[in-house]
Amino acid sequence: PLPVDFSVFEPQNAMGCQQALGLPDGCVCWIGASQGAAGHVKGFDILLQIARLNPDINFVCVFKDAAPHYSPPNMRCYERLTHAELVKVIGACRVGLCTSRMESQHLAGIEMGACGLPIAAPPVGVYCSLDHFPVRLVPEPSIYTSAIRSALANPANPQEVREVWCKEFDKPVIRAQWEKLVQEVECSKS
């Protein structure tokens with residue numbers, strides 16, 4: 001796995017971030033792509049459906065490629081943010097969302113978790129092995145709404161959420177895993 005820089009991605013003053021960005025409380029954060037194959041893999045179409053079916057929930061989307069030309073009125077879009085900007089956007093939100101059809105890891109979700117957001121996600125990537133707090137697994141698309149609403153109604157402690165992710169994805173933890181793997185490979189050759 002890839003590590004997350006927990007010195008950059010950390011819980012923020014949610015109200016301060018909301019005020020600075022002009023966002024309401026209770027936003028759901030989604031990070032991904034909107035175009036082509038990448039948009040399909042990241043489940044942009046699923047995100048749009050969720051947003052349209054839940055006009056009372058505000059979504060904040062950060063696009064790695066380009067923001068769509070059209071989005072529902074309950075969706076604020078950003079594109080190509082620096083890490084410092086991304087942390088503020090994540091910090092203004094209360095729940096993270098992954099709609100990916102497949103993932104090798106889902107680094108964006110780990111970054112959201114490092115910032116203290118609970119995640120609603122399908123069983124892909126890292127979520128296959130981390131099926132406990134702070135992840136609400138969504139085995140089928142029809143369950144996204146209830147998972148998001150449950151997370152919004154039952155706020156998690158951002159520091160507790162962060163600790164779960166830090167134990168698994170902090171740089172020293174990942175470095176130790178890679179060193180162990182390299183040592184196993186080197187020892188197997190002799």
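In this predicted model, His106 lies in the loop that connects strand E4 (93-97) to helix H5 (107-114). The phi angle of His106 is near 85°, a positive value in a residue other than glycine. Most residues other than glycine have a negative phi. His106 is buried, because its relative accessible area of 3% falls under the 20% limit.

A positive phi also occurs at Arg80, a residue other than glycine, where the angle is near 45°. Arg80 belongs to the loop between strand E3 (75-79) and helix H4 (83-91). With a relative accessible area of 55%, Arg80 is exposed.

Helix packing was examined for helix H7 (residues 158-169) and helix H8 (residues 171-188). The axes of H7 and H8 come within 6 Å and cross at roughly 30°. H7 is therefore roughly parallel to H8, since angles under 35 degrees are assigned to that class. On the H7 side, the contact is made by Cys166, Lys167, Glu168 and Phe169. The H8 side contributes Lys171, Val173, Ile174 and Gln177. By class, the contact of H7 with H8 comprises 4 nonpolar, 1 polar and 3 charged residues.

Definitions and conventions:
Residues are numbered from 1 along each chain as its sequence is written. This is a predicted model: local features need pLDDT of at least 70, side-chain atom pairs count only at pLDDT 80 or more; totals for chains, interfaces and linings use all residues. Side-chain values use heavy atoms; hydrogens and water are left out. Axes are lines fitted to C-alpha atoms, for helices over the stretch in contact, and angles run from 0 to 180 degrees between N-to-C directions. Helices (H or I, at least four residues) and strands (E, at least two) are DSSP runs, numbered from the N terminus. Angles under 35 degrees count as roughly parallel, over 145 as roughly antiparallel, 65 to 115 as roughly perpendicular and the rest as oblique. Contact means heavy atoms within 4.5 Å. Ala, Val, Leu, Ile, Met, Phe, Trp, Tyr, Cys and Pro count as nonpolar, Asp, Glu, Lys and Arg as charged, and the others, Gly among them, as polar. Buried means under 20% relative accessible area, exposed over 50%, partly exposed in between (1.4 Å probe, protein chains only).
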